[in-house]
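I opened my notebook to look up a few things in this protein, going from the overall fold to single pairs of side chains.

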Amino acid sequence: MLLEARREGTPDAFLRVFQGYPNSDAAEEALLLSARAQARLGRDDDEIATLRQALREYSDSPRAPDSHATLVRALEKKGHLAGAGALLRRMARSFPEAEVSGYEHLIAAMKNHEKDRHVAAAAVK
């Protein structure tokens, strides 16, 4: 069913997978794909609501840090800077092992896209 939803590519198709098979391995992925499809359509409020739902449903998932980061970007895009800041602080408390420092001197040596060099430098560290 997830494959069929991918072909359709609409938020509603992915939500149908989540709602029809909430305990399946595909449910979390379907919910996150729905949020991504909503973002593509400019449905920012729906994207935010879906990401929040995914984080409630799958708070212990290995995908949770990425989902949090996506939610922060969505909140910032909508101008909800206070909410984005609060979420970033919660993320820092929840995932202290994700904090990386001391990579700044490596940024200039990175050859990937200019806006992504800080990420590559942190990964190399």
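My entries on the fold, the surface and the charges follow.

**Before starting.** I noted that this is a predicted model, in which local features need pLDDT of at least 70 and side-chain atom pairs count only at pLDDT 80 or more, while totals for chains, interfaces and linings use all residues. Residues are numbered from 1 along each chain as its sequence is written, and side-chain values use heavy atoms, with hydrogens and water left out.

**Fold.** I looked up the secondary structure and found seven helices and zero strands, where helices (H or I, at least four residues) and strands (E, at least two) are DSSP runs numbered from the N terminus. Along the sequence I wrote the pattern down as α-α-α-α-α-α-α. The C-alpha trace spans about 50 × 30 × 30 Å along its principal axes. With a contact meaning heavy atoms within 4.5 Å, I read that residues 24 or more positions apart account for 31% of the contacts with a separation of 6 or more.

**Surface.** For the accessible surface, computed by the Shrake-Rupley method with a 1.4 Å probe, I noted about 8200 Å², of which 51% belongs to carbon and sulfur atoms. Of the 125 residues, 34% count as buried; buried means under 20% relative accessible area, exposed over 50%, and partly exposed in between (1.4 Å probe, protein chains only).

**Charges.** I then compared the 19 positive and 19 negative charges, whose mean positions are 3 Å apart. Here Lys and Arg count as positive and Asp and Glu as negative, without His and the chain ends, and each charge is placed at NZ of Lys, CZ of Arg, CG of Asp or CD of Glu.

**Salt bridges.** How many salt bridges are there? I counted five, using the rule that a side-chain nitrogen of Lys or Arg lies within 4 Å of a carboxyl oxygen of Asp or Glu.

- Arg-16 and Glu-8 meet at 2.9 Å, N to O; Arg-16 is partly exposed at 40% relative accessible area, and Glu-8 is partly exposed at 42%.
- Arg-43 and Asp-46 meet at 3.1 Å, N to O; I noted Arg-43 as partly exposed at 31% and Asp-46 as partly exposed at 34%.
- Lys-77 pairs with Asp-44, their closest N and O atoms being 3.3 Å apart. This pair links distant parts of the chain, since Lys-77 sits in helix 5 (residues 64-77) and Asp-44 in helix 4 (residues 44-57), 33 residues apart. Lys-77 is exposed at 55%, whereas Asp-44 counts as buried at 15%.
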